[in-house]
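Hi there,

I am passing a structure on to you, and I would be glad if you kept it open while you read.

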Amino acid sequence: MVSISALIPTYKRVDKLENCLQKILSCDPLPSEIIIHIDAGDSETEPFLIAQNYPLVTWISSNTTQGPGGGRNKLIKQAKFPIIAGFDDDSWPLDKNYFAIATELFSLYPQASVITAQEVRPSTFPKQLNNFIKEVNCFQNCACLMRREAFLQTRGYLPLRYAYGMEEADVALQLLDCGWQILESFNLCVFHDTQLEHHNHPSVNAAHIANTALLAYLRYPITYWPLGIVQVFNRMRYAASVGRWKGISQGLSQIPHLLSCYANQRDPVQVHTLELSRKLASKS
């Protein structure tokens, strides 16, 4: 086993979680622990885990809705090991030696807060594996590894029910602001068993638009708020371009209330951090 905690938030998806756990437990070497967060209202997952009695697997539950980000906050706090392997309940490593490669990379790159893997979906194929690694501005929670020490220097994730457009982008900005790097490695691959159909749901579409405004409000210096307005407009334009009309007006109407709810979380990053993030994004 290697000194890695594998963390999985879940909500009422026992069949997907079962597949995810089987894939992780087939890796060699294994992580030292696997912790699952069961969100409020899920009465199916805990009986399943008790019945299966998986090795290395423990779980925590919440009585109030945490969303994926709030669940990850709890999981990282609970983790015992310095490196965190993040998954969704429908994502898992494609390589059996995934955790060994990750351990080696973190030892080679001591300034890396996050090493994000290639996310491979059913309709895509992994790029050729090689030693290519580059600095990026963001990551995917379903397919990444994180230095726990770095995460604990941030405010963590906001506990949003639908965190699209906010979750990783927010923490990534905070990590860059603390002087850490975010790297992408083509030597690590994670399969994500989704076609993102849920992105068409009006509630998800609305949340993505509202969260775009929330990110700018909380983390951008005031001089960059006009950029946030442009990004909200671009998000709406994108939604319309792919036929996601339902949810656009709902998302706009949610913005004032959302900003008011989280006003006490405003902690803007430095100007040079935002400029660095945009520079890295332009190279991706």
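Below are some notes on confidence, backbone, pockets and cavities.

First, the ground rules. This is a predicted model, so to speak of local features I need pLDDT of at least 70, and side-chain atom pairs count only at pLDDT 80 or more, while totals for chains, interfaces and linings use all residues. Residues are numbered from 1 along each chain as its sequence is written, and side-chain values use heavy atoms, with hydrogens and water left out.

On confidence, the protein chain has an average pLDDT (the predictor's confidence in each residue, from 0 to 100) of 94, and 100% of the residues score at least 70. Helices (H or I, at least four residues) and strands (E, at least two) are DSSP runs numbered from the N terminus.

Now the backbone. Most residues other than glycine have a negative phi, and most peptide bonds are trans. The bond between D28 and P29 is cis, with omega about 5°; P29 sits in the loop between helix 1 (14-24) and strand 2 (31-38). K12 has a positive phi of about 55° and belongs to the loop between strand 1 (2-10) and helix 1. L56, in the loop between helix 2 (45-52) and strand 3 (57-61), also has a positive phi, near 70°.

How accessible are K12 and L56? K12 is partly exposed because its relative accessibility is 39%, and L56 is partly exposed at 27%. The cut-offs are under 20% relative accessible area for buried, over 50% for exposed, and partly exposed in between (1.4 Å probe, protein chains only).

T212, in helix 7, counts as buried because its relative accessibility is 11%. A polar atom of the T212 side chain lies 2.7 Å from the backbone oxygen of H208. Beyond neighbours within four places in sequence, T212 is in contact (heavy atoms within 4.5 Å) with Q231, V232 and R235.

On a 1 Å grid over the protein atoms alone, a cavity is a set of points where a 1.4 Å probe fits but cannot get out, and a pocket is an open set with protein on both sides within 12 Å along at least five of seven lines; lining residues have an atom within 4 Å of a point. Points are joined across faces, edges and corners, and a volume is the space filled by probe spheres set on them.

The search finds 2 cavities of 30 Å³ or more. The largest cavity holds about 80 Å³, and its lining includes L7, R72, N141 and Y157. Helix 3 (67-78) gives the largest share of that lining, 3 residues.

What is the volume of the second largest cavity? The figure is about 30 Å³. Y164, H199, V204, N205, H208, R235 and R244 line the second largest cavity, and helix 7 gives the most, with 3 residues.

Helix 7 (202-219) and helix 9 (248-261) are the elements that give two or more residues to its lining, and helix 9 supplies the largest share, 5 residues.

Best wishes

Conventions:
A polar contact is a pair of N or O atoms within 3.5 Å; within protein, one must be able to donate a hydrogen and the other to accept it, and residues adjacent in sequence count only if both atoms are side-chain atoms.
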